[in-house]
Amino acid sequence: MPDNSAGSTESSRNTGGSRSTGSTARPSRRTVLAATAGVTASLTVGVPGYAAERDDRHLHALLSRMTLEEKVGQLFVMRVYGHSATAPDQADIDANLSEIGVRTAAELIAKYRVGGIIYFAWAHNTRDPHQIAELSNGIQAASLEQPRGLPVLISTDQEHGIVCRVGKPATLLPGAMAVGAGGSRADARTLGRISGAELRAIGIRQDYSPVADVNVNPANPVIGVRSFGADPHAVAGLVTAEVKGYRAAGVAATAKHFPGHGDTAVDSHFGFPVITHSRELWQELDAVPFRAAIRADIDSIMTAHIMVPALDDSGDPATLSHPIVTGILRGELGYDGVVVTDALTMEGVRTKYGDDRVPVLALKAGVDQLLDPPSLDVAWNAVLDAVRGGELTEARLDESILRVLRLKAKLGLFERPYVSRAGVDRVVGTAAHLATADRIAERTTTLLVNEGRVLPLSRRTHPRVLVVGADPASPSGTTGPPTGVLAAALTELGFTAKALSTGTAPSAAVVAQAVAAAGDADAVVVGTYNVTGAGGQRTLVEQLLATGKPVVAIAVRNPYDIAQLPAVKAYLATYSWTDVELRAAARVIAGHVAPHGKLPVPVPRAGDPAQVLYPIGHGLTY
């Protein structure tokens, strides 16, 4: 999904917020059942909330009563600002009026009858679990109270690792590449089950995860550690396992970004990537995890805003490509589930066509859900006009709406659209879930080099530890800073640790400050983040090494950092800078657990990417 825009899945606009403890008024269950026109009479709900049978006759009956305007609305999944469906803060009301022309989520639903809403931290949707649950209930109430009201499919990007919309006190688990380093399908399935259970408890029934892209380009600026790795079959196994975990929890998983975003040096949020793989290479590499997801009965697949000339030489992005979406995904791969676009705010889908053409062309290509257009009014009216003008048929809309209705029925939304505070307390951020996250993380930490057996550090011989390095922003707005988390974790393990944030581009003065502080330490731990050949981070590490003190480096994002710092004698990779992974790294440093992770991607030599410095599967232990 998106990255740094209002429709972005990996958005950097993270915010915290105050805790809401009020309750949400909602219609009675009898009212809800009446509003859905008897559909639930034909849907028997099984474990856990999935409909055991889906009777299309009743879904067709629902469809037959919808106006054309209501049908158009059901195709959209939209952002909305605010922590409440009816009483957001004034700043969020202003943002909604500016971007959407409504004040609240309830007004959005009343005006456009949207079929889905996506949550973002920067939109102030995800302050805390109880508030999120109340927002979800308010959204469902607003929709079900409409004439011919339908439940809303609420979604988010909860990939874990570096993309998380719901933060603490919910359970935050290792990200995909960390799980790839652990290599355990059981852990991937457990991740899906825990994440799914907690999302469902707060009213989110569709997660835009797992990432099924095979990351074979170390310079990939948008996927990277969001991928399970560079081996398509290993990625496929972990995708399948995570999908099964989400299904067990009653949440729709979404494999993304079809037909594969793993080999690009361009971020589709800001540009239009071109994938130059041949058709044969695509079949052997990119397609493998998506085939596996389809075999695992994936509920939804997200398209990518990328050009793949070998699959469609028209110059259109895959999201707007009939040969790719209908010809390959639906035809060759046999997928008949929900297809959702990546965010329509992204530059990759807006380069060739205007915002009024994109949603129409996406539907003509074969997608079902139109995610987060820049202007909902423009997009909604464009689809409406396309039907009235004959470019799109109403039957084509019905095809997609039925897929979405079937998914809502499968997820139990017609029977159980609401969640409860008790359910939140029972499921979200439990001690058992948090402990499991810690154990999974311990199996992912990767020791890349340990010359002279620098690790593990002993608190007896090296009691004073200085922790320096980059402190990137928390993906969820609720964790970090990394240097502080590492220092606190090492202190808990018996060291006397001090944190000094030096940033991603330390100046000469900051480097000098860190070197001076190292004089009072017995060992130094430094967190690196996307190190370049001539940057301040490299200078920092080199000058710390020159002190003669033992230096332990941790690549807190991409494991490729080690290629830029060959003189480091002890290097760990955590694949993310969130608390759960950093605490696990601290336990490895202290020798409380042995490192078990293995590289899920090869690390090329600096300056000669054709040469492999460390291969897939490399990882030391003690």
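This is a predicted model: local features need pLDDT of at least 70, side-chain atom pairs count only at pLDDT 80 or more; totals for chains, interfaces and linings use all residues.

Reader: What is the strand order of the open sheet of six strands?

Author: Helices (H or I, at least four residues) and strands (E, at least two) are DSSP runs, numbered from the N terminus; two strands pair if DSSP finds at least two bridges between them. Here the order is β11-β16-β15-β14-β12-β13, and the pairing is mixed. β11 (446-450) and β13 (496-501) each have a single partner strand, so these edge strands are left without a neighbour in the sheet on one side. From one strand to the next, the twist averages 20 degrees.

Reader: In which sense do β12 and β14 pair, and over how many bridges?

Author: Strand β12 (residues 464-469) and strand β14 (residues 523-528) pair in the parallel sense over five bridges. Within β14, Ala523 stands opposite Val465. β12 also pairs with β13, in the parallel sense over six bridges, and there Ser501 of β13 is the bridge partner of Gly469.

Reader: Is β12 mostly covered or mostly open?

Author: Buried means under 20% relative accessible area, exposed over 50%, and partly exposed in between, with a 1.4 Å probe and protein chains only. Five of the six residues of β12 are buried, and the strand is mostly covered.

Reader: What is the strand order of the other open sheet, that of eight strands?

Author: The order is β9-β8-β7-β6-β3-β2-β1-β10, with parallel pairing. Its edge strands, β9 (338-340) and β10 (370-371), each pair on one side only. Inside this order, β2 (residues 116-118) and β3 (residues 153-156) pair in the parallel sense over three bridges, with Ile117 opposite Ile154 in β3.

Reader: At what angle do helices α19 and α22 cross?

Author: Axes are lines fitted to C-alpha atoms, for helices over the stretch in contact, and angles run from 0 to 180 degrees between N-to-C directions. The axes of α19 (residues 482-492) and α22 (residues 579-589) come within 9 Å and cross at roughly 40 degrees.

Reader: Which residues of α19 and α22 meet?

Author: With contact meaning heavy atoms within 4.5 Å, Pro482, Val485, Leu486, Ala489 and Leu490 in α19 meet Asp579, Leu582, Arg583, Ala586 and Ile589 in α22.

Reader: How do α20 and α21 lie to each other?

Author: The axes of α20 (residues 508-518) and α21 (residues 536-546) come within 10 Å and cross at roughly 25 degrees. The two helices are therefore roughly parallel to each other. Val511, Ala514, Val515 and Ala518 in α20 meet Gly536, Thr539, Leu540, Gln543 and Leu544 in α21.

Reader: Where does Gly192 lie, and which residues does Gly192 touch?

Author: Gly192 lies in helix α8 (residues 185-201) and counts as buried, because its relative accessibility is 0%. Not counting residues up to four places away in sequence, Gly192 touches Glu242, Gly245, Tyr246 and Ala249. Gly192 and Gly149 are 43 residues apart in sequence and 30 Å apart in space, C-alpha to C-alpha.

Key: Residues are numbered from 1 along each chain as its sequence is written. Side-chain values use heavy atoms; hydrogens and water are left out. Angles under 35 degrees count as roughly parallel, over 145 as roughly antiparallel, 65 to 115 as roughly perpendicular and the rest as oblique.
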